[in-house]
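Welcome to this guided tour. Keep your viewer open, and select each stop as we reach it.

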Amino acid sequence: MEKYLYLAVNIFAISFPLVRSFEPRIKFATKWYALFPAILITAIFFLIWDHWFTVIGVWEFNPRYILGIYLFELPIEEWLFFFTVPYACMFIYEVLIYFFPKDIFKPVGKYFIFTMIPFLLLLAFVNFDKMYTAVNFSLGAVALAVHWLIFKDEYLGRFLFAYLVHLIPFILCNGVLTGGFTPEPVVIYNNAENLGIRIWTVPIEDTIYSMTMLLMNVSFFEFFRKKKTIQ
């Protein structure tokens, strides 16, 4: 049964959001027209990045916990990850908008942007020899800058709220994948390519990786949603 572990994480991540997509309050399924293109575009970007890092040895996948089905050197579970997890994260994003109509984090959005961008770029620069740290933090800074240039602080507060809330299931799921409950991790990181700082068993870089992935999904989701509204 060990080989089903990564698959089980994917199923766990998407099961509740998918079932609740049709409930009458959030009506998440009615937003699929904007959600699915956002997830697909973001997934393509991250799968290219993931493939590159797998090939050069920044991380690898433990055959003990996967089905053994590969596509372009990536296990099928890793492909699923970039669809199931963003779906769940965007569900959180929409649920928070429904239950908290006031954008309580909007006042801090601008300060977050102008603090995080130079902070991430500085960390990337001083850790240029660590591939995951340097690339991850640089891309995080770029994603924040691009979002700000396009949307300013229109969605930043909503994004920040969702990001903070999503850290709870994120740490749980990534904890499973990084060996928090098992003798060996599912995803094996090359510690020479990261800072070696962990939250439980999760590399600190993963929090920025997840931030970038969520921000890209939110950006494309709101772009497609606004485009339909204009039409």
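Begin with the charged pairs: the structure holds nine salt bridges, a salt bridge being a side-chain nitrogen of Lys or Arg within 4 Å of a carboxyl oxygen of Asp or Glu. Before selecting any, please note that this is a predicted model, in which local features need pLDDT of at least 70 and side-chain atom pairs count only at pLDDT 80 or more, while totals for chains, interfaces and linings use all residues. Residues are numbered from 1 along each chain as its sequence is written, and side-chain values use heavy atoms, with hydrogens and water left out.

**Stop 1: salt bridges**

Select Arg 64 and Glu 2. Their closest N and O atoms are 2.8 Å apart, and the two form a salt bridge. Arg 64 sits in the loop between S1 and S2 and Glu 2 in the segment before H1, so this pair ties together parts that are 62 residues apart in sequence. Helices (H or I, at least four residues) and strands (E, at least two) are DSSP runs, numbered from the N terminus. Arg 64 is partly exposed at a relative accessible area of 30%, and Glu 2 is partly exposed at 38%. For these labels, buried means under 20% relative accessible area, exposed means over 50%, and partly exposed is in between (1.4 Å probe, protein chains only).

Next, select Glu 154 and Lys 226, a salt bridge whose closest N and O atoms are 3.0 Å apart. Glu 154 belongs to the loop between H5 and H6 and Lys 226 to helix H7, so the pair ties together parts that are 72 residues apart in sequence. Glu 154 is partly exposed, at 36%, and Lys 226 counts as partly exposed at 33%.

Now try Arg 25 with Glu 23. Which of these is buried? Glu 23 is, with 8% relative accessibility, whereas Arg 25 is partly exposed at 44%. The closest N and O atoms of this salt bridge are 3.4 Å apart.

To finish this stop, select Lys 31, Glu 94, Glu 222 and Arg 225 together: salt bridges link them in a network.

**Stop 2: two lysines with positive phi**

Go to the loop between H1 and helix H2 (32-55) and pick Lys 27. Its phi is positive, about 50 degrees, although Lys 27 is not a glycine. Lys 27 is partly exposed, with a relative accessible area of 45%.

Then move to Lys 152, in the loop between H5 and H6. Lys 152 is not a glycine but has a positive phi of about 55 degrees. Its relative accessibility of 41% makes Lys 152 partly exposed.

**Stop 3: the largest pocket**

How much space lies in the largest pocket? About 470 Å³. Two or more lining residues come from each of helix H1 (5-19), strand S1 (59-61), helix H3 (76-99), H6, strand S4 (187-189) and helix H7 (205-230). H3 gives the most, eight residues. By class, the lining has 23 nonpolar, five polar and three charged residues.

On the terms: a pocket is found on a 1 Å grid over the protein atoms alone, as an open set of points where a 1.4 Å probe fits, with protein on both sides within 12 Å along at least five of seven lines; lining residues have an atom within 4 Å of a point. Grid points are joined across faces, edges and corners, and a volume is the space filled by probe spheres set on the points. Ala, Val, Leu, Ile, Met, Phe, Trp, Tyr, Cys and Pro count as nonpolar, Asp, Glu, Lys and Arg as charged, and the others, Gly among them, as polar.

**Stop 4: the second largest pocket**

The second largest pocket holds about 250 Å³ of space. Select Ala 143, Val 146, Met 216, Ser 219 and Phe 220, the closest to its centre among 14 lining residues. Helix H5 (131-151) and H7 each supply at least two residues of this lining, and H5 has the largest share with seven. Eleven of the lining residues are nonpolar, three are polar and none is charged.

**Stop 5: a buried loop residue**

Select Ile 66, in the loop between S1 and strand S2 (70-71). Is Ile 66 buried or exposed? At 3% relative accessibility, it counts as buried.
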